[in-house]
Amino acid sequence: MNLKRTFGTILTILGVVGLLYTGVQIIQHSSTPTTLVVVGVISIIFFSTGISLIRGTKDEA
């Protein structure tokens, strides 16, 4: 089991969930803009870090 790849997958999933949450909240106008900006930025960081961990890890069988 490759720990980096697993952690990258978890970060990517958390990033996608956070981005979906931010999008839904923006459409519904139900949160303050500051909260949405913070959640959106953290989600983008999680997503991009997860993708780079997955792409940068060699697949060893």
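This text walks through a predicted model, from its overall form to single residues.

Some ground rules apply. Residues are numbered from 1 along each chain as its sequence is written, and side-chain values use heavy atoms, with hydrogens and water left out. Local features need pLDDT of at least 70 and side-chain atom pairs count only at pLDDT 80 or more, whereas totals for chains, interfaces and linings use all residues.

Start with the fold. The protein has two helices and zero strands. Helices (H or I, at least four residues) and strands (E, at least two) are DSSP runs, numbered from the N terminus. Helix α1 covers residues 3-28. Helix α2 covers 33-56.

Next, the overall dimensions. The C-alpha trace spans about 50 × 15 × 15 Å along its principal axes. The radius of gyration is 14 Å, while a compact globule of 61 residues would have a value near 10 Å. That radius is taken over C-alpha atoms, and the globule rule is 2.2 Å times the number of residues to the power 0.38.

Now the contacts and the surface. Contact means heavy atoms within 4.5 Å. Of the contacts with a separation of 6 or more, 76% join residues 24 or more positions apart. Buried residues make up 20% of the 61 residues. Buried means under 20% relative accessible area, exposed means over 50%, and partly exposed lies in between (1.4 Å probe, protein chains only). The protein exposes about 4,600 Å², and carbon and sulfur atoms supply 72% of this area. Accessible areas come from the Shrake-Rupley method with a 1.4 Å probe; for residues, only the protein chains shown count as cover.

Turn to Thr12 in helix α1. Thr12 counts as buried because its relative accessibility is 12%. Leaving out residues up to four places away in sequence, Thr12 touches Phe46, Phe47, Gly50, Ile51 and Ile54. Take Ile51 from that list. Thr12 and Ile51 are 39 residues apart in sequence, yet their C-alpha atoms are 6.2 Å apart in space.

Ser43 lies in α2. With 5% relative accessibility, Ser43 counts as buried. Residues up to four places away aside, Ser43 touches Gly15, Gly18 and Leu19.

Val16 and Ile44 are 28 residues apart in sequence and 8.3 Å apart in space, C-alpha to C-alpha.

Move on to the end of α1. Gln25 is found in this helix. Gln25 counts as buried, because its relative accessibility is 12%. Neighbours within four places aside, Gln25 is in contact with Ser30, Ser31 and Leu36. With Ser31 there is a polar contact, side chain to side chain, at 3.4 Å. A polar contact is a pair of N or O atoms within 3.5 Å; within protein, one must be able to donate a hydrogen and the other to accept it, and residues adjacent in sequence count only if both atoms are side-chain atoms.

The loop between α1 and α2 holds His29. His29 is exposed, because its relative accessible area is 70%. Its backbone deserves a look. Phi of His29 is near 55°, a positive value in a residue other than glycine. Most residues other than glycine have a negative phi.

Ile10, Leu14, Val37, Val38, Val41, Ile42, Ile45 and Phe46 make a nonpolar surface patch of about 670 Å². Patches are made of residues with over 30% relative accessible area and no salt bridge; like charges are joined within 9 Å, and nonpolar side chains (Val, Leu, Ile, Met, Phe, Trp, Tyr) within 5 Å. A salt bridge is a side-chain nitrogen of Lys or Arg within 4 Å of a carboxyl oxygen of Asp or Glu. Both α1 and α2 supply at least two residues each. The largest share, six residues, comes from α2. Ile42, a patch member, sits in α2.

At 74% relative accessibility, Arg55 counts as exposed. Arg55 and Ile10 are 45 residues apart in sequence, and their C-alpha atoms are 14 Å apart in space.
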